[in-house]
Amino acid sequence: MTVAVWEAMRRRPLHFALSAWPLRSSAFLLSGTVLGFVVLLLFTALLFVGVGLSVVGIGLVVLMAGAVFGIPVAALERRRLRLVEPDPLLDPHGSLPGTGALPWLRTRLRERATWRELAYTLVLGVVFTATGIGFTALLGLSAILTATPVIVWAIAPDTVMLVPGQPISDPVAALPGSAVGLLGLLVSAYAGGLLTGAQVRVAQFLLSARDEDLSSRVIELTRSRARLIDAFEAERRRIERDLHDGAQQQLVALTMTLGLAELELRGQDSAAAPLIARARGEVRQALDQLRSLVRGIHPQVLTDHGLPAAVAELALRNPIPVTVDIDLPDRLPSAVETTAYFTITEALTNASKHSGADKVAVIGRLRDDKLVLLITDNGHGGADPAAGAGLQGLADRVAILKGRLIVTSPVGGPTQLRVEVSCSA
């Protein structure tokens, strides 16, 4: 990882002293000195109280509080680093929603990041505080020397002595002291930059997330994604089952009942007969729409024959001619097939409504255990993923399976959607 202040010194060393970096570095070092001193006092108090009360048991609780004392200090330091470092450090701790104090404490004490942050807290309280005091002394003395002529003029006729036994009687005689002060300020600018860079480097080493910190979080995210996909699939099956076994069967029964009523009234001069015939026709229409809805939730052909057959059937129902070329060696995982199918469905719907195209091509291949789909139309182009929820929804659906959506749509067309979905877990 690079250090911004060191990069600024390396690229333009002569211009560094006149830039904003010395002020930013000074603010960082001075605030760190105050914070380090306070941290050192608090940690020392925790340590002494914990050791003193350890004989009665409560001291162990205080010592454990001291062990995790570095966590809030590190969180504050990551924010304070933004004074001199544009790239924020990633928090190495995962979130623990819904846990109590004891589970939180046990988890944090098992994390290596907690002990690295405690080490940083000690370095901040001892080393950084000491160096900060030295820098503060250098900066303050240089500022006083630079302002010596003003001080001599302000307290006249009293005299000022920079060197014991050699009083300065007028501002002109204090100019050499100002020259030394300006040199000290110049030295402070570069010394502050070096010290700031050193502290940033230590913070990057001890406070940033490492691979071992992120591995458990990646595993949990993978499991969460798998649980999310399973939940979507279970909910889809439940809705499909309820529609098929509930509402659809009742509509079929209603159609039969209306048919029997129509037979009973046949040949009779009744005003109810045309109403019943009309109701029966509307029930048939509602039943057809419900069956279409059930097929849209998850077509049976997708379950029985896979993605190529399902997309081919979808192309036959599309108002725009669709050329389908999906060549896959084997069946894909169910989640991948479902995501790919509904992505293609949404893409064809968008092309039919908004693109002005008269033909669409869908190509699908399996490359390096990754499904790659190309959906191209010859419309007027200009599709913008940020302009609406359609393409953004496609991207979100694909992202659940660690996939990505690439949209190429220059004004005048053509528009191409490239979908890449990993077939591995």
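Tutor: Start with a charge and a ring. R24 lies over the face of W21, at 4.2 Å from the ring centre. A charge sits over a ring if NZ of Lys or CZ of Arg is within 6 Å of the ring centre and within 35 degrees of the ring normal. R80 does likewise with F28: its charged end sits over that ring, 4.2 Å from the centre.

A word on the ground rules. This is a predicted model, in which local features need pLDDT of at least 70 and side-chain atom pairs count only at pLDDT 80 or more, while totals for chains, interfaces and linings use all residues. Residues are numbered from 1 along each chain as its sequence is written, and side-chain values use heavy atoms, with hydrogens and water left out.

Now rings against rings. The structure holds 4 aromatic pairs. Rings of Phe, Tyr and Trp (its six-membered ring) pair if their centres lie within 6.5 Å; planes under 30 degrees apart are stacked, over 60 edge-to-face, and the rest tilted. One of the pairs is F16 with Y190: the centres are 5.5 Å apart and the planes stand at 40°, so this pair is tilted. F16 belongs to helix α2 (residues 13-16) and Y190 to helix α9 (residues 175-207), so the pair ties together parts 174 residues apart in sequence. Helices here are DSSP runs (H or I, at least four residues), numbered from the N terminus.

Y190 is partly exposed, at 25%. The cut-offs: buried is under 20%, exposed over 50%, partly exposed in between (1.4 Å probe, protein chains only).

Y341 and F342 form an edge-to-face pair, because their planes are at 85° with the centres 5.2 Å apart. Both Y341 and F342 are buried.

A search of the whole structure finds 1 cavity of 30 Å³ or more. A cavity is a set of points, on a 1 Å grid over the protein atoms alone, where a 1.4 Å probe fits but cannot get out; lining residues have an atom within 4 Å of a point. The volume of the largest cavity is about 40 Å³. Its lining consists of R78, L81, R82, E85, D87, P88, L89 and Q204. By class, that lining divides into 3 nonpolar, 1 polar and 4 charged residues. Asp, Glu, Lys and Arg count as charged; Ala, Val, Leu, Ile, Met, Phe, Trp, Tyr, Cys and Pro as nonpolar; the others, Gly among them, as polar.

Definitions and conventions: Helices (H or I, at least four residues) and strands (E, at least two) are DSSP runs, numbered from the N terminus. On a 1 Å grid over the protein atoms alone, a cavity is a set of points where a 1.4 Å probe fits but cannot get out, and a pocket is an open set with protein on both sides within 12 Å along at least five of seven lines; lining residues have an atom within 4 Å of a point. Grid points are joined across faces, edges and corners, and a volume is the space filled by probe spheres set on the points.
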